[in-house]
Amino acid sequence: MNSLFPRALLATLLVSTAASAWAQAPAAPATRGPNYIAIGMFLIFVVISLGITFWAARRTRSASDFLAAGGRISGFQNGLAITGDWCSSAALMGIAALIYSTGFDGLIYSVVPFGAWPLMMFLMADRLRNLGKYTIADIVSVRFARIPVRTLISLSSLVFVVGYLIAQMVGAGTLISNLFGIDYTVAQIIIGILIVLYVAFGGMIATTYVQLVKAVLLVSGASFICFAALFHFDWSIDALYSSAVANHPSGIKVMQPGGLLADPVSAFSCGVMLLLGGSAMPHVLMRFFTVPDARQARLSVFYAAGFIGYFYLLTFVIGYAAIGLVMKDPAFLDANGVIRGGPNMAAIHLSEAVGGSFFLGFISAVAFATIVAVVAGLTIAGASAISHDLYANVFRHGRATDEEVVKVSRISAITLGALGVGLGIAFKEQNIAYMITIPFTVSSSVFFPILFLSMYWRGLTTRGAVTGGAVALALGIALLVLGPTIWGEILGHGEGIFPYKYPALFTVLVSFTIMIGVSKLDNSPRAQRERAEFDDQFVRSQTGVGAEAPASH
Amino acid sequence: MQKIYQVIKADPRFHELERKRSRFGWWLAAIVFGNCLWYMAATAFFPESGFAHLWGEPVAEGAATTWGIVIGFVQTVGFILLVGLYIYRANHEFDPLKDAIVEDARRAAGE
């Protein structure tokens, strides 16, 4: 099918990043000099978010405040904050771009990853809150040897965070320079400074409220685009779809599945990656520790699922509306009749088509705010992996003071911010489409199996968990490097040694098999003790007795 | 803490709670998982396979909307409703039972 775009866009993977497609489809800049409306609105967001940070910084005293907002966020607020973490600007623009290019199959990135939400609710939410403290490594440390599991999970978390961060930063830089008419490097530095301010000073409290504001802006912006487009078609959704069929070169095929993931192994591998990876993302799961108890954790999932599901329903309209209203309008096309700025701009152009230049400015500012907030969420996840897991528990054997943990968290946040800017500049104009499959492969084949087995299977031992997780991490990265994207396209060997773009199906199976096999063979005294401790852990996970209480002040 | 865990483990209501809750959770998870597989299979095998064919059919004569759109829409709404269903039963049935078990156990353990 439409050969270049679908493959490039595929990797944008909705939940994740705006990054890839810009990087792969370099097109003429979409704007004409600085967009003052967009800049003005973004400045308003900056002022509000820095106000929040200032307020939050005064309330951040302990490590619990810094890493888990003192466990005092309500279920509703947390649901919105999770929505903010989950929906990057790619959830709006990436899915719209996929539908714009390939039609129906783009919606697979709405429906399948959304399935992660009910799964999290039914299988994980209560138990996670009852077992965890600041990070997902806490859950596994309840009965396993602290040093090996924490080391594995925190290093995997850092791989996750850095992969995600590069994808976000590069995508952001290109998007921002397109929308705002400012320089790529300047955009990187602005993002870097903002996230360091939010995270290093305001910690989890600031990050949560910034995320919350951004979620409200994103959901209302997308709603406006959707309903303004429907209004344009006299509220007839069939008329909207008809105009898409009339405008798109594929005709009626835009309303039918097929083409995008024609090879069944890739389709299922990609689906497994989205579904399992989406339900074990550390920066999302750590939000379960910011609420007081399991009941509020459940409520957060409920609100998050409501907002995210609603948001995904809007994508059923927005992508097709872009075909109907943008694809044939010369105002949005370049000299060759191709959409200005590439298909990722489809939703942005649509906002101008239905709401004029003022609304275009608003949506551009929302897109910038979205990226900044998502990067901040990733940064605090990375900072907690360094300060709480590696520093306090591995190097200091749990003897670090609260002040030391907060200090290390701040230093980590500043370092990660600087690293993000550096990598963002280093990867400028690189094809980073594959980047986003790294975090998803890691979370589906390392975090998901470990969390799932440790909560549901008595037999898992430290040795099994660490061996399986480490092999899956190494194998996942190796298969990605040897796959068609990096080995074939970037290193120029034509095709990959490993034939599939998404190794998740294989790495998930390998991970589970090794964890179960090694645990079964492990009969050390330590393993026997770990199996015996399962019952107590089980009671705690089910009842919350012995769970971390919220900070008292 | 050890003692209270022992008391809870010995309580038959705890095992009843656990059985009910996990059976309910697994059923719902299976529904969600099945729907996601159905969606993946439809995109992977359309239009050759018979079960995927429906996804490309218009909902009415002359309509542009296909059943695939309707199914995807219903699935998304359905997932939200399933989450709501779970939280309703968790709050109205599982939580009170759990609270009663924990309260009795605390008393029995002398805390």
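Predicted model: local features only at pLDDT ≥ 70, side-chain atom pairs only at ≥ 80, totals over all residues.
Let me begin with chain A, where a compact globule of 553 residues would have a radius of gyration near 24 Å, and chain A, at 23 Å, agrees with that.

Staying with chain A, its secondary structure consists of 23 helices and zero strands, and its C-alpha atoms, taken along the principal axes, fill a box of roughly 70 × 50 × 40 Å. Of the 553 residues in chain A, 65% are buried, and if we take the contacts with a separation of 6 or more, residues 24 or more positions apart account for 84% of them.

Within chain A I would like to pick out one helix pair, namely α15, residues 294-325, and α16, residues 346-395, which pack at an angle of about 65° with their axes 9 Å apart. Because roughly perpendicular covers angles from 65 to 115 degrees, α15(A) counts as roughly perpendicular to α16(A), and the crossing of the two is left-handed. On the α15(A) side the contact is made by Ile318(A), Ala321(A), Ala322(A) and Leu325(A), while α16(A) brings Ala346(A), Ala347(A), His349(A), Leu350(A), Ala353(A) and Val354(A).

Now to chain B, whose secondary structure comes to four helices and zero strands, following the pattern α-α-α-α along the sequence. Its radius of gyration is 22 Å, well over the 13 Å that the globule rule gives for 111 residues, so chain B is more spread out than a compact globule. Along the principal axes, the C-alpha atoms of chain B fill a box of roughly 70 × 25 × 20 Å. Buried residues make up 34% of the 111 residues in chain B, and among its contacts with a separation of 6 or more, 53% come from residues 24 or more positions apart.

Notes. Residues numbered from 1 in each chain as written. Chains lettered and ligands numbered in written order. Axes fitted to C-alpha atoms, helices over the stretch in contact; angles between N-to-C directions. Parallel < 35°, antiparallel > 145°, perpendicular 65-115°, else oblique. Left-handed = near helix turned anticlockwise from the far one by under 90°. Contact = placed C-beta atoms within 7 Å. Rg over C-alpha atoms; globule rule 2.2 N^0.38 Å. Buried ≥ 20, exposed ≤ 12 C-beta atoms within 10 Å, placed from the backbone.
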